[in-house]
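Trainee: I have a chain to go through before the group meeting. Could we work through it by question and answer?

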Amino acid sequence: MTDVPFSLKRSSGLAALTLSVILSACGTAPAPQDLASAPNASSGAVAGDVLSAQAISGALSLTAGQTQQINIYVGGQPAQPGQLRWTTSNAAVATVTQTGLVKAVAAGSAVVRTTLVSNPSAFLDFSVTVAAASAPAPAPTPTPTPTPPAPPASGDTAQQVLQLVNAARAQARNCGAASFAAAPAVTLNAQLGQAAQGHASDMAAQNYFSHTSKDGRTFVQRIQATGYAYRTIGENIAAGQSTPQQVVAGWLQSEGHCRNIMNPSFRELGVGYAKGGSYAHYWVQDFGAR
């Protein structure tokens with residue numbers, strides 16, 4: 001596709017009763033241990049009481065944020081609601097509900113006690129050690145890839161377009177009704193190339209086809225922005241052609257584009273090429289003379 005060309009510019013015992021303690025954790029339970037062998041657990045009872053208690057463990061090691069359910073059995077039967085009273089020595093470290101659910105709050109140590117309501121001298125203590133929660137390793141911050149300025153058309157592409165243009169200028173031809181004598185060869189100019197490539201890339205990225213940029217700039221303003229001090233300038237654009245040969249041939253078959261190519265006043269050329277958008281290929285020629 002070509003258009004009309006222009007020329008210009010993102011977690012006890014009691015008397016006659018047995019308290020058994022089972023810690024519920026993750027649905028698994030190791031073999032019970034005698035409470036006396038659990039180093040951080042203690043029991044209390046009045047003299048003459050018969051103490052018989054077993055537990056999975058008399059100590060809890062939790063990480064802040066974790067919970068641990070302690071199930072108490074009285075006389076071989078699960079404790080009934082209101083039969084036990086639960087307390088904690090340090091609620092800032094660990095809390096406990098009246099159903100025996102221990103919650104680790106912050107790093108430190110605390111003692112969780114369950115007491116038989118009908119006999120407060122009968123109790124079991126559990127030492128709770130809480131470790132600070134390990135902060136998850138922060139996800140590495142990806143190093144942003146800077147968006148480079150629009151590169152000029154590849155050397156091969158620009159050179160091929162230049163050679164084809166100069167081959168056309170080297171011989172007289174008719175552009176529609178206008179006749180042109182052979183014209184002097186043009187040379188590549190970096191500033192014109194910057195303007196041409198910027199516009200080709202913008203059309204491909206934003207999927208449009210026009211001499212007027214999406215931000216409203218004309219080709220004159222785009223060339224002026226590069227600092228190119230011109231006497232005369234012109235622009236050809238095209239879309240859809242996949243090779244330099246196709247695009248130059250297409251321009252030469254269009255009277256207005258052909259006139260720009262053959263204009264003897266032009267001495268320099270900038271070439272832009274980008275892939276993308278609806279047409280897949282976008283081309284820009286910016287001509288000028290200073």
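Trainee: Which residues in α1 meet which residues in α4?

Mentor: This is a predicted model, and the two helices are α1 (residues 155–169) and α4 (residues 244–252). On the α1 side the residues are Thr 157, Gln 160, Val 161, Leu 164 and Ala 168. Their partners in α4 are Pro 244, Gln 245, Val 248 and Leu 252.

Trainee: At what angle do helix α1 and helix α4 pack?

Mentor: The crossing of α1 and α4 is right-handed. Their axes lie 9 Å apart, and the packing angle is about 35°.

Trainee: How many disulfides does a search of the whole structure find, and which residues form a disulfide?

Mentor: The search of the whole structure gives 1 disulfide.

Trainee: Are Cys 175 and Cys 258 buried or exposed?

Mentor: The cut-off for buried is under 20% relative accessible area. Cys 175 and Cys 258 are each buried.

Trainee: How far apart in sequence are the parts that Cys 175 and Cys 258 tie together?

Mentor: Cys 175 sits in strand β14 (residues 173–175), while Cys 258 belongs to helix α5 (residues 255–262). The pair therefore links parts of the chain separated in sequence by 83 residues.

Trainee: Is the disulfide of Cys 175 and Cys 258 left-handed or right-handed?

Mentor: The handedness follows from the torsion about the S-S bond, which is about -55°. The disulfide is therefore left-handed.

Trainee: Which element gives the largest share of the largest nonpolar core?

Mentor: That core has 20 residues, and Ile 70, Trp 86, Val 102 and Val 128 have the most contacts inside it. Elements giving it two or more residues include β7 (67–74), β9 (84–88) and β13 (119–131). The largest share is 5 residues, from β13.

Trainee: How many residues are in the second, separate core?

Mentor: Among its members are Ala 158, Val 161, Val 247 and Ile 261. Val 161 is also one of the α1 residues that meet α4. The size of this second core is 17 residues.

Trainee: Over which residues does pLDDT stay under 50?

Mentor: The chain averages a pLDDT of 80, with 74% of the residues at 70 or above. Strand β3 (residues 33–34) has the lowest mean among the elements, 26. Where pLDDT is low, the predicted coordinates should not be read in detail. The stretches under 50 include residues 9–56 and residues 147–153.

Note on methods. Residues are numbered from 1 along each chain as its sequence is written. This is a predicted model: local features need pLDDT of at least 70, side-chain atom pairs count only at pLDDT 80 or more; totals for chains, interfaces and linings use all residues. Side-chain values use heavy atoms; hydrogens and water are left out. pLDDT is the predictor's confidence in each residue, from 0 to 100. Helices (H or I, at least four residues) and strands (E, at least two) are DSSP runs, numbered from the N terminus. Contact means heavy atoms within 4.5 Å. A nonpolar core is a set of buried Ala, Val, Leu, Ile, Met, Phe, Trp, Tyr and Cys residues joined through side-chain atoms within 4.5 Å. Buried means under 20% relative accessible area, exposed over 50%, partly exposed in between (1.4 Å probe, protein chains only). A disulfide is a pair of cysteine sulfur atoms within 2.5 Å. Axes are lines fitted to C-alpha atoms, for helices over the stretch in contact, and angles run from 0 to 180 degrees between N-to-C directions. A crossing is left-handed if the near helix is turned anticlockwise from the far one by less than a right angle, and right-handed if clockwise.
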